Amino acid sequence: MSAFGPERKPSRSDGAAEVGKRTPLRPGFTHSLAGLIDRQVPVRAMCDTCARFRDIDLDALAQVKGMDYDLWNKRTRCRIEPGCKGWNRFYFSGRGRFEPMRDA
Ligand SMILES: [Zn+2]
């Protein structure tokens, strides 16, 4: 149905690392909201369809999801642009630019 490539369901194998798979560089502090908050890492959600982004309030998110919540490989339906059917994915600021919080 989607015009934006194959639909990928959220992974059910969360935490079950696949051995032998190419492991992307993932800073340790990205493993939890606590790590990001500790380092005051800016995180934003960007939409793959309307291309808008918004900064994430990590403290507010931690109130809802808990400090151990892991944003990696997560995505949500666009909440930036009303009516947009795109996906929001998360990016963290690293080395002077925003890097995708997902496996390549
Ligand atoms: Zn959007």
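Residues are numbered from 1 along each chain, in the order in which its sequence is written. Because the model is predicted, local features are reported at a pLDDT of at least 70 and side-chain atom pairs count only at pLDDT 80 or more, whereas totals for chains, interfaces and linings use all residues.

The pLDDT, which is the predictor's confidence in each residue on a scale from 0 to 100, has a mean of 85 for the protein, and 77% of the residues reach 70 or more. Over residues 12-17, however, the pLDDT is below 50, and beyond near neighbours in sequence this stretch has zero contacts in the model, a contact being a pair of residues whose C-beta atoms, placed from the backbone, lie within 7 Å. Where pLDDT is low, the predicted coordinates should not be read in detail.

The protein has two helices and five strands, and from the N terminus on these elements run in the order α-β-β-α-β-β-β. Helices (H or I, at least four residues) and strands (E, at least two) are DSSP runs, numbered from the N terminus. Of the contacts with a separation of 6 or more, 58% are accounted for by residues 24 or more positions apart.

Strand β4 (residues 87-94) takes part in several pairings, where two strands pair if DSSP finds at least two bridges between them. With strand β1 (residues 43-47), β4 pairs in the antiparallel sense over five bridges, and here Arg44 stands opposite Tyr91 in β4. Strand β3 (residues 75-77) also runs antiparallel to β4 and is joined to it by three bridges, with Arg75 standing opposite Arg89. Four bridges connect β4 with strand β5 (residues 97-100), again in the antiparallel sense, and Gly94 has Arg97 in β5 as its bridge partner. The hairpin of β4 and β5 has two residues between the strands, and in this hairpin Arg95 takes a positive phi near 50°.

Buried residues, defined as those with 20 or more other C-beta atoms within 10 Å of their own C-beta atom, placed from the backbone (exposed: 12 or fewer; partly exposed: in between), make up 12% of the 104 residues. Leaving aside neighbours within four places in sequence, Val43 is in contact with Leu36, Ile56, Leu58, Leu71, Phe90, Tyr91 and Phe92.

The loop between α1 and β1 contains Gln40, which has a positive phi of about 55° although it is not a glycine. Gln40 is classed as exposed because 8 other C-beta atoms lie within 10 Å. Pro42 is found in the loop between α1 and β1 as well, but is partly exposed, with 14 other C-beta atoms within 10 Å. Not counting residues up to four places away in sequence, Pro42 touches Asp55 and Ser93, while the C-alpha atoms of Pro42 and Asp57, 15 residues apart along the chain, are separated by 8.8 Å.

Key: Two residues are in contact if their C-beta atoms, placed from the backbone, lie within 7 Å.
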